[in-house]
Amino acid sequence: MPETSIRLKVCSGCKKEIPRQDCHRNRYGEYICRACQAAGFKFTWRHLLAQHFKTGFRKYVLWVAYLVLGILAVAVFFIVLDRFSSAPAPTEQQ
Ligand SMILES: [Zn+2]
């Protein structure tokens, strides 16, 4: 069995392969090596924008879902109201 305790990760700052224990994982799931951390590198803008887009899109979908549910509720209300308020249709026509 080969030694698998050293797992290499790619640093998001310098794109170098570094052992897992020598790098930091930020909230966006990016690995940053000690040298990049010391230089003040915390995350890439690409990941930050992707994160914002993802959450923004989710909010938009939720908003549309609420809107559709609201329209459906109003439509069902008027259909039911129409059913109960209108006179029964003539059934026997001769
Ligand atoms: Zn680095």
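What follows is a short chat about this model.

Student: Is this experimental or predicted?
Tutor: The model is predicted.

Student: How many helices and strands are in the protein?
Tutor: Two helices and four strands.

Student: And in what order do the elements run from the N terminus?
Tutor: The order is β-β-β-β-α-α.

Student: Switching to confidence. What is the mean pLDDT of the protein?
Tutor: The mean pLDDT is 84. Of the residues, 88% reach 70 or more.

Student: Where is confidence lowest, and where is it highest?
Tutor: Helix 2, residues 45-85, is lowest, with a mean of 87. Strand 2, residues 17-19, is highest at 93.

Student: What share of the residues is buried?
Tutor: Buried residues make up 7% of the 94 in the protein.

Student: What about contacts between residues 24 or more positions apart?
Tutor: They account for 6% of the contacts with a separation of 6 or more.

Student: Now one residue. Where does Tyr28 lie?
Tutor: Tyr28 lies in the loop between strand 3 (23-25) and strand 4 (31-33).

Student: Why is Tyr28 classed as partly exposed?
Tutor: Because 14 other C-beta atoms lie within 10 Å of Tyr28. Buried takes 20 or more, and exposed means 12 or fewer.

Student: Which residues does Tyr28 contact, leaving aside neighbours within four places in sequence?
Tutor: Tyr28 is in contact with Phe43, His47, Leu48 and Gln51.

Student: And what separates the C-alpha atoms of Tyr28 and Ala50?
Tutor: They are 9.6 Å apart. Along the chain, Tyr28 and Ala50 are 22 residues apart.

Notes. Residues are numbered from 1 along each chain as its sequence is written. This is a predicted model: local features need pLDDT of at least 70, side-chain atom pairs count only at pLDDT 80 or more; totals for chains, interfaces and linings use all residues. Two residues are in contact if their C-beta atoms, placed from the backbone, lie within 7 Å. pLDDT is the predictor's confidence in each residue, from 0 to 100.
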